[in-house]
Amino acid sequence: MAEPRFQPGEQVRVINALPLGHVRTPFYIRGKTGTIERYCGSFPNPEELAQMRDGLPAQPLYRVKFRQQEVWPDYDGSPNDVLEVEIYQHWLEKA
Amino acid sequence: MNDPGPYRPLTYFQLMEISLRELLVEKGVVTEGEVAEEVEAMRKRGYERGARVVARAWVDPQYKERLLANGTKACEELGLEIPALKLLVVENTPEVHNAIVCTLCSCYPRMLLGIPPEWYKSRNYRSRMVREPRAVLAEFGLDLPAHVTIRVHDSTADMRYLVLPMRPAGTEGWEEERLAALVTRDSMIGVAVAKGPND
C-alpha cells in the first residue's frame with residue numbers, strides 16, 4: 001500500500017491531467033484547490049483495475065472539500081456552500 | 001391480443017449479459033434459479049432498511065454517534081449486512097444540509113435504499129447537482145434559506161453515502177417504528193426533508 005501523504009485540514013490541488021481510460025477524478029474538479037476532509041482508507045487503483053491488473057499498491061483515498069465558489073467562480077449560492085469529492089492520492093499535490 | 005411492439009435486436013450489453021450468465025450456469029458457478037432469486041430480491045429491496053437506521057439514530061444518541069463514526073459497523077449492529085459498502089453517514093442540522101450525487105455513474109447505497117430512482121441516474125441531476133444544488137433542490141420542492149450551508153457529496157469512488165435527515169418537530173416520545181414511517185427515500189439522498197407528523 002502507498003503511504004498516505006496528506007493530513008486532514010491540509011490544502012491540496014487536484015492535478016490537471018488528461019489520461020486516457022477509466023478515471024474516477026471528474027473533469028470539473030481537475031486543477032481545483034481544496035482541503036483534505038478525511039482519509040478514507042486505501043483501495044486498489046481503479047485505473048489499473050479497469051485494465052485487468054491488480055491495482056496494487058493500493059492508493060490512499062481522501063475526501064477533499066472544495067468551496068463551491070472555488071469550483072465555479074459564478075456560483076450564486078451561499079459562499080459557505082461546499083462540494084466534497086473522493087480523490088485518490090496520486091491525483092493530489094500540495095497546494 | 002397484446003401488441004408486443006416492433007422487433008428490436010438485442011443490444012451489445014444484453015448479449016454480453018446473456019453470454020456471461022449462460023457460461024456461469026454451464027460451468028456450474030451459479031444456477032438459473034439462483035440468478036432469478038437474486039434479481040427478485042434486488043427488485044423487492046426498498047428503502048426500509050435505511051429508514052430503520054435513521055429512526056434508531058433519532059431515538060438513541062449513542063447509536064447516532066457510532067453511526068456517524070462508522071456507518072458500516074453501525075448497520076451491522078442492526079443486523080443489516082452491507083457487504084462491499086463503506087458507508088459514510090452525513091448529518092443534517094439546522095445550519096447544514098447534505099445531498100448526495102454520483103457525477104461519474106450512479107453509485108448509490110442499494111443495500112440500504114434499494115434500486116435508485118431514474119432521476120438519480122439522469123444526466124440532468126448528475127451534472128446540475130454539483131453546479132447549482134440550490135436550484136435543483138428547489139425543483140424537488142426544497143427551498144433552503146441562504147443561511148443554511150449546502151454540502152454536496154460526489155460519490156466518485158469507494159464510499160457510499162446516507163443522509164441522516166433531521167428529526168421532525170412534534171414527534172417527541174414517538175416509537176422507533178412510527179418514526180421510521182416518516183423517513184423517505186428522498187430525505188436520505190438529501191433532496192427532501194423527512195415527513196412531518198401530520199404529512
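**Entry 1: β3 and β4 of chain A.** I looked up how strand β3 of chain A (residues 59–67) meets β4(A), and found seven bridges with the strands running antiparallel. Strands here are DSSP runs of E, at least two residues, and helices are runs of H or I, at least four, numbered from the N terminus. I checked one bridge: Y62(A) has I87(A) of β4(A) as its partner.

**Entry 2: ground rules.** I am working on a predicted model, where local features need pLDDT of at least 70, side-chain atom pairs count only at pLDDT 80 or more, and totals for chains, interfaces and linings use all residues. Residues are numbered from 1 along each chain as its sequence is written, with chains lettered from A and ligands numbered from 1 in the order in which they are written.

**Entry 3: across the chains.** I followed β4(A) to β3 of chain B (residues 149–154); they pair in the parallel sense over four bridges. Pairing takes at least two DSSP bridges between two strands. L83(A) sits opposite V152(B) of β3(B).

**Entry 4: the sheet.** I read the order as β5(A)-β1(A)-β2(A)-β3(A)-β4(A)-β3(B)-β2(B), an open sheet of seven strands with mixed pairing. Its edge strands are β5 (92–94) of chain A and β2 (96–101) of chain B, each pairing on one side only.

**Entry 5: the contact side.** I found 17 residues of chain A in contact with 17 residues of chain B. Contact means C-beta atoms, placed from the backbone, within 7 Å. On the chain A side, β2 (33–43) and β4 (82–88) each supply at least two residues. The largest share, six residues, comes from β4(A).

Technical notes. Contact = placed C-beta atoms within 7 Å.
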